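Some labels in structural descriptions rest on a cut-off.

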Amino acid sequence: METLLQILVILFLARILSEVCERSGLPGIIGEIGAGFLFAFAFRPDDIETFAFFGELGAIFLLFTAGYKEVHLKDLKAASTSALIPTLSQILVAFGFGFMLGKMFGFGFTESLFMAVAFSPTSISVVVKTLIDTDYLSSKPGSMMLTSAIFDDIIGIFLLSIVVSIATLNEFPSCIHILGILGQILAFILIMGFMGWKVYPRLFEHIQKMHTKESLFSFVILIALFSAYLSERFGLHAVIGAFFGGVLLSDLPLAKIEAVQKKVSGIAYGFFTPLFFAFIGLSVETEVLYTAGTFAVLVIVLALSGKLIGGFIGTKLVGFSSMDSLIFGIGMMPRAGVELVVIAIGKKLGIISNEVFSSIVLMVVISIIISPILLEMSIRYKERGLTVSE
């Protein structure tokens with residue numbers, strides 16, 4: 001009963017504060033994160049494992065719903081090739097900034113590598129929520145952001161695997177080990193592709209003939225969970241698998257029925273997603289805010305500017321306008337997923353210090369507060385400019 005009461009309170013706070021932010025012209029994400037922080041400050045819960053579980057489900061359903069409702073496979077294919085240069089550009093600049101910062105403060109090679117890898121990924125969840133809120137997901141910069149964010153996490157997991165191998169083996173991994181990691185990623189993509197091509201069409205033909213109530217809805221949810229689970233089994237982040245699962249169903253007419261989409265959207269945005277962002281706020285330790293010094297400030301500035309600069313340069317190289325390049329760069333700034341996994345592993349292995357850990361956590365929190373505001377402002381500015389010119 002105590003757990004139920006806590007979930008009730010935090011969900012209520014998330015909805016109320018999200019509404020306050022929306023009415024104030026701010027992204028609702030800020031209110032949901034603030035609800036988690038306020039809950040932690042007021043009640044100081046000792047056990048947050050339940051919230052962690054619901055938070056993970058929130059991220060999974062957010063990405064699955066985005067793939068299922070908002071993205072078409074043909075659009076993702078079209079954006080994949082053009083997204084390669086912007087993705088590599090913003091990862092390289094952010095990675096370089098992270099490694100450089102570590103060396104500036106006298107860190108060892110491995111700790112600097114952990115810093116660099118933690119700077120590299122982008123939070124797909126934060127990007128998607130903001131793009132949906134601004135009705136910008138299907139735009140050219142929006143689809144590029146989404147594709148690039150997915151590539152970010154895949155590359156980030158790959159880099160993490162290599163850095164962990166270096167830390168545990170005290171040597172650079174062999175070519176066979178690197179090929180093994182690439183093989184896992186490729187195997188996941190091939191299996192998911194086969195499921196979407198051969199298995200799911202036949203499965204949903206049988207599901208539509210079932211007499212059990214809500215069978216179609218149940219199997220859509222099952223595929224979301226299965227995709228997330230399979231992704232983690234292959235060493236990727238669960239949200240990547242969930243997104244791919246949603247995209248595969250988005251091109252399957254038997255599965256993409258409007259009534260089912262509304263139910264999936266309702267359970268995602270009405271329950272799980274607010275808990276995900278509230279959990280981020282709940283995870284912030286108060287002492288982190290007091291340990292922020294010059295190092296923490298530089299972590300925030302370099303981590304965010306690395307993505308902005310790298311994204312701007314990369315998209316300009318593929319022919320984007322300056323405004324669209326700026327929007328893309330801002331969209332690559334938020335963190336909230338893989339980078340937290342990176343620093344948690346680094347701390348567990350005893351490679352990164354509490355100062356580094358606390359500073360990166362603070363950077364994550366600030367990035368998911370600032371980035372949606374800047375992204376929404378830049379999109380609105382561009383739209384006003386287009387309206388005036390017309």
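This is a predicted model: local features need pLDDT of at least 70, side-chain atom pairs count only at pLDDT 80 or more; totals for chains, interfaces and linings use all residues.

Q: Why is Cys21 called buried?
A: Cys21 has a relative accessible area of 11%. Buried means under 20%, so Cys21 is buried.

Q: What makes Cys175 exposed?
A: The relative accessible area of Cys175 is 61%. The cut-off for exposed is over 50%, and Cys175 therefore counts as exposed.

Q: How many disulfides does the structure hold?
A: The structure holds 0 disulfides. The term needs a pair of cysteine sulfur atoms within 2.5 Å.

Q: Why is helix 1 called oblique to helix 2?
A: The axes of helix 1 (residues 2-23) and helix 2 (residues 28-43) cross at roughly 140° and come within 7 Å. That angle makes helix 1 oblique to helix 2, because roughly antiparallel is kept for angles over 145 degrees and roughly perpendicular for 65 to 115. The crossing of the two helices is right-handed.

Q: Which residues of helix 1 and helix 2 meet?
A: On the side of helix 1 they are Gln6, Val9, Ile10, Leu13, Ala14, Arg15, Leu17, Ser18, Cys21 and Glu22. On the side of helix 2 they are Gly28, Ile30, Gly31, Glu32, Gly34, Ala35, Gly36, Leu38, Phe39 and Phe43. By class, this contact of helix 1 with helix 2 has 11 nonpolar, 6 polar and 3 charged residues.

Q: What makes helix 9 and helix 10 oblique to each other?
A: Helix 9 (residues 215-233) packs with helix 10 (residues 238-250) at an angle of about 140°, and their axes are 7 Å apart. Roughly antiparallel would need an angle over 145 degrees, so helix 9 and helix 10 are oblique to each other. Their crossing is right-handed.

Q: Which residues make the contact of helix 9 with helix 10?
A: Helix 9 contributes Val220, Ile223, Ala224, Ser227, Ala228, Ser231 and Glu232. Helix 10 contributes Ala238, Ile240, Gly241, Ala242, Gly245 and Leu249. The residues of this contact divide into 8 nonpolar, 4 polar and 1 charged.

Q: Why is helix 9 also called oblique to helix 11?
A: Helix 9 and helix 11 (residues 258-282) pack at about 50°, with their axes 10 Å apart. Roughly parallel is kept for angles under 35 degrees and roughly perpendicular for 65 to 115, so helix 9 is oblique to helix 11. The contact joins Leu216, Phe217, Val220 and Ile221 of helix 9 to Val260, Lys263 and Val264 of helix 11. By class, it has 6 nonpolar, no polar and 1 charged residues.

Q: What makes the phi of Glu214 worth a remark?
A: Most residues other than glycine have a negative phi. Glu214 is not a glycine, yet its phi is positive, at about 60°. Glu214 sits in the loop between helix 8 (175-207) and helix 9.

Q: Why is Glu214 called partly exposed?
A: Its relative accessible area is 41%. Buried needs a value under 20% and exposed one over 50%, so Glu214 is partly exposed.

Q: How do you know that Phe51 is buried?
A: Phe51, in helix 3 (residues 49-70), has a relative accessible area of 5%. The cut-off is under 20%, so Phe51 is buried.

Q: What is Phe51 in contact with, leaving aside its neighbours within four places in sequence?
A: Its contacts are Gln6, Ile7, Ile10, Phe39, Phe279 and Leu282. Phe51 and Ala278 are 227 residues apart in sequence, and their C-alpha atoms are 8.7 Å apart in space.

Terms used:
Residues are numbered from 1 along each chain as its sequence is written. Side-chain values use heavy atoms; hydrogens and water are left out. Buried means under 20% relative accessible area, exposed over 50%, partly exposed in between (1.4 Å probe, protein chains only). Axes are lines fitted to C-alpha atoms, for helices over the stretch in contact, and angles run from 0 to 180 degrees between N-to-C directions. Helices (H or I, at least four residues) and strands (E, at least two) are DSSP runs, numbered from the N terminus. A crossing is left-handed if the near helix is turned anticlockwise from the far one by less than a right angle, and right-handed if clockwise. Contact means heavy atoms within 4.5 Å. Ala, Val, Leu, Ile, Met, Phe, Trp, Tyr, Cys and Pro count as nonpolar, Asp, Glu, Lys and Arg as charged, and the others, Gly among them, as polar.
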